[in-house]
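This briefing groups selected features of the structure shown below by topic. Each point may be checked against the sequence and the coordinates.

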Amino acid sequence: MGAALLPDLGTEILIPVCAIIGIAFALFQWLLVSKVKLSAARDASPNAAAKNGYNDYLIEEEEGINDHNVVIKCAEIQSAISEGATSFLFTEYKYVGIFMVAFAVLIFLFLGSVKGFSTSNQPCTYDETKTCKPALATALFSTISFLLGGITSLVSGFLGMKIATYANARTTLEARKGVGKAFITAFRSGAVMGFLLAANGLLVLYIAINLFKIYYGDDWEGLFEAITGYGLGGSSMALFGRVGGGIYTKAADVGADLVGKVERNIPEDDPRNPAVIADNVGDNVGDIAGMGSDLFGSYAESSCAALVVASISSFGVNHEFTAMLYPLIVSSVGIIVCLLTTLFATDFFEIKAVKEIEPALKKQLIISTALMTIGIAIVSWIALPSSFTIFNFGIQKDVKNWQLFLCVAVGLWAGLIIGFVTEYYTSNAYSPVQDVADSCRTGAATNVIFGLALGYKSVIIPIFAIAISIFVSFSFAAMYGIAVAALGMLSTIATGLAIDAYGPISDNAGGIAEMAGMSHRIRERTDALDAAGNTTAAIGKGFAIGSAALVSLALFGAFVSRAAITTVDVLTPKVFIGLLVGAMLPYWFSAMTMKSVGSAALKMVEEVRRQFNTIPGLMEGTAKPDYATCVKISTDASIKEMIPPGALVMLTPLIVGIFFGVETLSGVLAGSLVSGVQIAISASNTGGAWDNAKKYIEAGASDHARSLGPKGSDCHKAAVIGDTIGDPLKDTSGPSLNILIKLMAVESLVFAPFFATHGGLLFKI
C-alpha cells in the first residue's frame with residue numbers, strides 16, 4: 001500500500017496556512033478597493049500616470065458637469081442600498097435562526113433515539129469486531145456541526161453582501177476614469193467575497209474535524225459521520241437565502257420593469273421609479289448573499305460526502321490522516337491557484353476597451369482550470385499512497401493514486417465545459433441570443449417560444465458532461481470518485497465566486513450612475529460591465545448546478561452505504577413510486593417559487609402605479625418617490641413566501657424516510673436529482689438569454705441590433721416582457737433547485753441511522 005509522501009504534520013500546517021493566506025488576500029483586495037474615496041475631494045493628482053490607456057482626468061470635465069453633487073449623490077444612494085440589504089438580511093436571519101435551533105433539536109432527538117439514548121459504546125456499523133462511540137455522541141456532534149455549518153453559511157452570505165454594497169458606488173466613480181478602472185474595482189470586490197468564503201469554509205471544517213477528534217480518538221467512522229451535519233447546516237441556510245433573496249430581488253425587478261419601462265417609458269434604474277432602490281437591494285441579497293451561501297453549501301457537502309466514504313475505506317481503517325484529508329488539501333491548493341489567477345485579471349493584464357471585458361473573465365476560468373490541473377496532480381502524488389482501497393457498497397475496491405487524480409480532473413474540466421456551454425447560450429455575442437432578439441420583431445410571443453427552446457436545447461451538452469464525469473469517476477473510484485469529482489468542479493470556487501459577484505456589483509454600479517444623473521457615456525461603460533456580468537452570472541449558476549448534480553449523487557452513495565442498502569432496484573414498487581414522486585418535486589418547488597414572485601410582483605406593480613398616479617410632480621422629477629414602501633413590500637413578501645418551499649424540501653426526506661423507509665427514500669432522491677438538474681439548467685439559461693437579448697437590443701452595438709430599434713420600440717418592449725418572464729426563472733426557481741437536490745440528499749444521509757432503525761412505519765403494519 002505504501003504511505004503518502006506528505007507527513008501528517010505537513011497536512012496540519014498546509015491546510016490552515018492556505019486558508020489564512022486566502023483570508024489575508026481577501027483583506028488586501030478590500031484595502032485596495034477602499035482607496036477609492038466616496039467623498040467630494042478630488043482624487044486625481046495632476047501628474048497621474050496613464051494607466052489603462054487613460055489619463056486620470058474625469059469624463060465630466062469634458063462635458064462640464066463635474067460638480068461635487070455627483071459624488072455626494074452616489075454616496076447617498078449607496079448607503080440607502082446598503083441599509084436596505086442589511087435590514088432585510090437581519091429580518092431573514094431572525095426567522096432562519098428560529099428554524100435552525102428547532103431543526104438542531106430535531107437532529108439531536110432523532111439520532112439520539114437510534115439506540116434509545118444509551119451512553120455505552122456500540123459495535124461499529126461497518127466492522128462489527130470494533131467498538132465505536134455511542135449513538136448519542138454522534139447525535140450531539142452532528143447537531144454541533146449542523147449549527148457550525150449554518151452559521152458559517154450565514155456569515156459567508158452576509159460578508160459578501162457587505163462587500164458588494166461597499167463596492168458598487170466605488171465602481172461607478174471609477175467608471176469616470178475609464179472602463180478598465182471600473183472593471184478592476186468590481187472584480188477585486190468579487191474576489192474579496194470569493195476568497196473569504198473559500199477560506200472560511202475550509203478553516204471552520206478543518207478546525208471542527210480536529211476538535212471532534214479529541215473526543216472520537218480512533219473512531220473515525222463516527223467522527224466523519226458527525227461532520228456531515230456541517231454540509232446540512234450550510235445547505236439549509238442556503239435554501240432560505242436563495243429562495244428568500246430570489247423572491248425579494250425579482251418582485252422588485254419585475255415591478256420596476258413593467259411599470260417603469262413598459263408603461264411609463266422611463267429608463268431602467270431611473271430615480272423617479274419608486275421600486276428602483278428595492279431592485280438594487282435585491283441584486284445584493286439574492287445574487288450575492290444567496291449565491292455565496294449556495295456555493296458554500298456545495299463545497300461543504302462535497303467535502304463531507306468524500307470524508308464519509310473515505311472514513312470506511314483504507315484511509316479511515318488504517319488511520320492515514322493525510323490521505324483522509326485529501327479533499328481538504330485539494331481545496332487548500334485551490335485557494336493558492338485562484339490567488340495566482342486573480343492577479344492575471346487585476347495586475348498582469350490591463351483592460352483598455354469594452355470588448356476586452358468578457359474575454360478577461362473567460363481567461364480567469366481557463367487559467368484557474370489549467371493551473372488547478374497541475375495542482376491536483378501534485379497533491380495526488382504527495383498526499384495519497386500509491387495504491388489504496390475505497391469502500392464500494394460492501395466491498396473494498398483497489399484504486400491507484402493516478403486514478404483518483406483523473407476523477408478530480410474530470411470534474412474540474414466538466415465544470416469548465418458547462419461554463420462555456422452556458423456562456424454560448426446566454427451571451428449576446430453568439431447566435432442563440434441574437435436569434436432570440438431577432439424573434440422580438442414579431443412580438444413577445446415568438447420571443448418566449450424561442451427563449452424556451454434555447455433553454456431546453458442548452459441542457460444537452462452539460463448533461464453529457466456530467467454523465468461522462470460520473471461514469472469515469474465511478475469506474476475508477478466508486479462513490480468516492482464522484483465526491484472528489486464534485487470537489488474538483490468546486491476547487492476553483494474562489495475564482496468562480498469572484499466572477500459571479502462581479503455581475504451584481506456592476507449592475508448596481510449602472511443603477512447608481514443612472515440615479516445620480518451621470519453622463520450617458522458612463523452609463524454605457526457600466527452597461528458593458530453589466531452585460532459581461534450577466535453572462536458570468538449564468539456561468540456561475542451552471543457551475544453551481546453541475547456541482548450540485550455530482551454532490552448529490554455522492555451523498556446518495558454515502559446514504560445508501562450508511563442505510564445498509566445493497567442495491568436500489570427500480571423494478572420494486574417501493575423504489576419506483578419514490579422515483580416518480582422525486583421527479584415531481586422540482587416542479588412542485590418551482591411552482592411555489594414562481595407563484596411567490598408573481599404575487600409579490602403584483603403588489604409591487606400596484607404600489608408603483610399608485611405612486612405614479614397619486615404623487616404630483618413624480619414623472620416631472622420635481623417630487624421624490626416613496627422608496628421605503630416598495631422595500632417593505634419586497635421584504636414582507638419574501639419572508640412570508642420563503643417558508644412553504646423551504647418546508648417542502650426539509651420535510652420530504654423526513655416524511656418519506658419515517659413512513660416509507662430507506663428504499664422509497666432512495667427512489668425519491670434519484671428522481672429529484674434526475675429531473676431537478678434538467679429544469680435548473682434550462683430555467684437559468686432561458687432567463688439569462690432573454691435578459692441578454694434585451695441588452696443586445698438596448699446596446700445597439702451592431703447593424704442587426706440597431707435594426708431592432710432603440711429603447712422604447714415595439715421590438716424592445718417585446719424583449720422586456722421576455723426578460724421579465726425570465727427573471728424568476730433565472731434568479732429564483734433555477735438556482736434554488738440545485739439546493740433542493742443537494743439538501744434532500746445530505747439530510748437523508750444525516751438521518752440515515754434513524755431511518756434504517758425506525759423508518760418505514762407504513763410497511764411494518
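The buried residues of helix 14 are covered by elements that include helix 12 (401–426), helix 13 (431–438), helix 20 (643–699) and helix 22 (714–758). The model is predicted, and helix 14 has the highest mean pLDDT among the elements of the chain, at 96.

**Helix 14**

- The buried residues in helix 14 are Asn447, Gly451, Leu454 and Gly455. These residues lie on the same side of helix 14, because they cover an arc of only 95° around the axis.
- Ala445, Ile449, Tyr456 and Lys457 are exposed on the other side of helix 14.
- An α-helix has 3.6 residues a turn, so residues three or four places apart point the same way.
- Helix 14 comprises 14 residues (444–457), which at 1.5 Å a residue should span 20 Å; the end C-alpha atoms are 20 Å apart, in agreement with that expectation.

**Confidence**

- The chain has a mean pLDDT of 88, and 96% of its residues reach 70 or more.
- At the other end of the range from helix 14, helix 2 (residues 59–63) has the lowest mean pLDDT among the elements, at 46.
- Residues 41–57 have pLDDT below 50, and this stretch has 26 contacts in the model beyond near neighbours in sequence.
- Over residues 59–65 pLDDT likewise stays under 50. The model has 18 contacts for residues 59–65 beyond four places in sequence.

**Nonpolar cores**

- The largest nonpolar core contains 229 residues, of which Phe183, Tyr326, Ile357, Tyr480 and Phe559 touch the most other members. Helix 5 (residues 179–216) contributes the largest share of this core, 22 residues.
- A second, separate core has 19 residues, including Val421, Cys440, Ala693 and Tyr696.
- Residues touched by tyrosine 326 include Ile376, Val379, Leu404, Phe405, Tyr480 and Val484, with residues up to four places away in sequence not counted.
- In soluble globular proteins, nonpolar side chains tend to be buried together.

- Threonine 526 lies in helix 17 (residues 520–562) and is buried, with a relative accessible area of 0%.
- The side chain of threonine 526 reaches the backbone oxygen of arginine 523 at 3.0 Å. Not counting residues up to four places away in sequence, threonine 526 touches Ala175, Ser506, Ala509 and Gly510.
- Isoleucine 417, in helix 12, has a relative accessible area of 42% and is therefore partly exposed.
- Leaving aside neighbours within four places in sequence, isoleucine 417 is in contact with Ile461 and Ala465.
- Isoleucine 417 and leucine 89 are separated by 328 residues in sequence and by 34 Å in space, C-alpha to C-alpha.

**Positive phi angles**

- Most residues other than glycine have a negative phi.
- Asparagine 265 has a positive phi of about 60° although it is not a glycine. Asparagine 265 is found in the loop between helix 6 (220–263) and helix 7 (276–311), and is partly exposed, with a relative accessible area of 48%.
- Alanine 478, also a residue other than glycine, has a positive phi near 50°. Alanine 478 is in helix 15 (residues 460–490) and is buried, with a relative accessible area of 0%.

Notes:
Residues numbered from 1 in each chain as written. Predicted model: local features only at pLDDT ≥ 70, side-chain atom pairs only at ≥ 80, totals over all residues. Heavy atoms only, no water. Helix = DSSP H or I, 4+ residues; strand = E, 2+ residues; numbered from the N terminus. Expected span 1.5 Å × (residues − 1). Buried < 20%, exposed > 50% of the residue type's maximum accessible area, 1.4 Å probe, protein only. Arc of directions from axis to C-beta. Contact = heavy atoms within 4.5 Å. Polar contact = N/O pair within 3.5 Å; in protein donor to acceptor, adjacent residues only side chain to side chain. pLDDT = per-residue confidence, 0-100. Core = buried A, V, L, I, M, F, W, Y, C linked by side-chain atoms within 4.5 Å.
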